[in-house]
Each structure stands twice: as C-alpha cells, then as structure tokens.
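Please keep the sequence and the 3D view open as you read.

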Amino acid sequence: MTALTADTRAPAPPRAAATARVRAALRRAAPALLAYAGVRALGLLVLAVWGAAAGRSPHKLLALRWDSLWYTRVAEGGYGYTVHLADGRVHPDLAFFPLLPWLERAGAALTPLAPEDAGLLVGSVASLFAAWGLYAIGALLGGRRAGVLLAVLWAVLPVGIVQSMAYTESLFTALAAWSLYAVLTGRWVWAGSLAVLAGLTRPVGLAVVAAVWAGAAVAERRDRRTLFAVLVSPLGWLGYVVWVGVRTGSPTGYLDIQAQWGNGFDGGAAFGRFIWKNLTGPVFLAGVGLCAAVVLIGWLYARCVRQGQPLPLLVYGGAVVLLALAGSGYFGSKPRLLMPAFTLLLPAAVALARWRPARAVILLGPVALASAVYGAFWLHGSGPP
C-alpha cells in the first residue's frame, strides 16, 4: 500500500517546483550575498562618517548628483529636458537610456518614495541580483568559493560605491550577468529577454547582444529558442536608438546627441592624448598610473583567454573594455564604465578560491576598507563618477 501510494503521488505543481529551485539557489548563494552586502555596508558607513565630518548629505551624494539627477528628471517629466552651457554646448537628456527612469517612475507611483529614492532602491536591489549573478557564473565555472569571491571582488572595486548609487551600473550588471548565465546554461529565452532589458539600460548593452550571438554561434544545439534569442536580443538597444532617431528627425540622432555631450568612438585616440598630456605635464604620476591601469586591464583580459573562458564571456568582457577605453567621453568616468566588465575578475576569483579562507579574508579586508575610503573621497570630489 505504501509503495502504491508513493507511485501514484501527484508531482509538485510547476510553480511550486520553480519556487523550490529558486529557494535552493538562493541558499547556495547566501554566503556570496552576505559577503557582498557586508562590503557595501562598509562603504556606506565610511561615506556617512565622511559626510558628517564634511557637512554633506550622503543621501544627496548617492541619489541627487551627476547622472542620477538626469535619470530623476526623466522619471518625473519624461524626455525633453536640455541644458545649454555657457560655452555653447548642448546636453539633451536623450543621451540617457530609459529603463532606470521607468523603474524610478514606477517605484514612485507604487510606493511613498520620491523618484530619486526609488532609484536608490532599484540600485540596491539590483546590486544584490548582480552579486547573485556573478556568484552563479563563478560557481558554474570555478566552484562555489570562486563564485563567492567573484562577487566580493566586484564589490571591492575602487569605484564600488557606484553600486550603491541611483546609477545604472548595478542594474545593467545584474541583467548582463544573468543573461550570460542563461547563455552558458542554454536558457535562450531568458538570455534574449534579459539582453533586451540590458539594451534599454545603457549603450553598452550591445556587449550583451554580442555575447548572446557568440553563444548561439558556438552552441552545440540550435533550435527555435536559440533563434529567438538571436533575433530578440538587440531589440531593446535598437528600439531606443531608433526612437531617438525618429524624435530628432535624423537616423544618426543618438550618435549626434552623444557628440553634443562630447562622447564618441574614436578608437581610443582621445584617451591616448589624455594619457600623453598627463605624462608630459605636471601630473606625470597620474599619467604613469593611467598607463599601468591600461596594461593591467590588458593583462587581465589575456588571463581570461588563457583561463579558457567560454566565448560569450570573452566577447562580453572584450566589448565592455573596448567601448569604455576607445570612447572619447569623460575620462574620469572610465573606471565606472569598466565596472560591468566583471569577467576580468574571474581568474583572480578562481586563484583566490585555492587559498585558505582566512588568508583570503586577510587580503580582501584591507582592500574593502581602502575601497570604502576611496569611494567616500571620490563622491566628495568635484568630478563626475
């Protein structure tokens, strides 16, 4: 009777089974999320102490400064705001992709939060999903400890404080990481759908599209779902760029707006001139530091290749680095623009995973503190993050 009862027992409903899988995945990722949250909490604590000493509001620094102001304006009144500078330059808000303002507007409509606070909430929640996605990729390729360390390494980046701001870096990285994970695990509908959302978040959404296409090109099995991902993935980025073109009356409308902001793609010529100017000027050490940073990035990417990372990860990381370094925009923002290139951290995560946990903590603890101090210093400065 017992055996017969067991044989005829109804299977769990699909929704219940999916919920159980998510809970199990969340339990596995809990160490990474807790470690990540601890690093970010340290950064916010140092920022609060620094702000109290400087007489400045940490809330305003995180939610109402630089790009976050532009996103808030779009959330409140839609597109159409333009700043005319004294030197004749024009800065239209069409330079900013719409997903974050949409979420801010929805958050303000559904909760008592102001749009800028909804932006902070989106950034905070997205940063946890980004850490979870990084853990998932790291655990898939290098084991659970590598996954935890990949999330922590991303948290302790020198400009990690941006992950706690009302900016798009956390949102984009979360969407990119889970899209890449979906590519690596053959979940093509998810891969394409998340790539659409990434393309609505930042211009570098093209890097996610390229990764989806690369994954489809080398997939062992191709079917309608793979084709769906290939066809759908560019629609977010392409849809916004086309909409801007229609609105401005020019097929190159978005590129023209980026040029008005001083942004463009020149193969790195402007960045090279900027480095040379530092090397030959009074801030020689800054030029040396920039050269060292570029060499380090190249070395890290070479390590990714030698590590044998899957092609989608190599394509994604290479595209993010190329778009960041070969652009002619604000050079002070390049560390932030490189933040989504988390794949460069995977070799270090795998190497650290071989260490004893105590040894890794001894190394990463001071790094986390240095990142927190630098983040507070950075936000209290005058330049854009």
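**Salt bridges and what surrounds them**

The count of salt bridges comes to four, where a salt bridge is a side-chain nitrogen of Lys or Arg within 4 Å of a carboxyl oxygen of Asp or Glu. Before we visit some of them, a word on the ground rules: this is a predicted model, in which local features need pLDDT of at least 70 and side-chain atom pairs count only at pLDDT 80 or more, while totals for chains, interfaces and linings use all residues. Residues are numbered from 1 along each chain as its sequence is written, and side-chain values use heavy atoms, with hydrogens and water left out.

Start with Arg 336 and Asp 67, whose side chains meet in a salt bridge at 3.7 Å, N to O. Arg 336 lies in helix 17 and Asp 67 in helix 4 (residues 67-77), so this pair ties together parts that are 269 residues apart in sequence. Helices here are DSSP runs of H or I with at least four residues, numbered from the N terminus. Arg 336 is buried, with a relative accessible area of 6%, and Asp 67 is buried too, at 18%; buried means under 20% relative accessible area and exposed means over 50%, with partly exposed in between (1.4 Å probe, protein chains only).

Now look at the other partner of Arg 336: a salt bridge with Glu 169, the closest N and O atoms being 2.8 Å apart. This pair links helix 17 with helix 8, 167 residues apart. How accessible is Glu 169? Its relative accessibility is 0%, and Glu 169 counts as buried. Glu 169 also meets Arg 202 in a salt bridge of 3.0 Å, N to O. Here the link runs from helix 8 (residues 169-184) to the loop between helix 9 (188-199) and helix 10 (205-218), 33 residues apart. Through shared partners, salt bridges join Asp 67, Glu 169, Arg 202 and Arg 336 into one network.

Arg 40 is buried yet has no salt bridge, and the nearest side chain of opposite charge, Glu 169, is 12 Å away; for charge, Lys and Arg count as positive and Asp and Glu as negative, with His and the chain ends not counted. The Arg 40 side chain does make a polar contact with the side chain of Ser 164, at 3.1 Å. A polar contact is a pair of N or O atoms within 3.5 Å; within protein, one must be able to donate a hydrogen and the other to accept it, and residues adjacent in sequence count only if both atoms are side-chain atoms.

Finally, find Trp 66 in the loop between helix 3 (58-63) and helix 4. Trp 66 has a positive phi of about 55 degrees although it is not a glycine. Trp 66 is buried, with a relative accessible area of 17%.

Terms used
Helix = DSSP H or I, 4+ residues; strand = E, 2+ residues; numbered from the N terminus.
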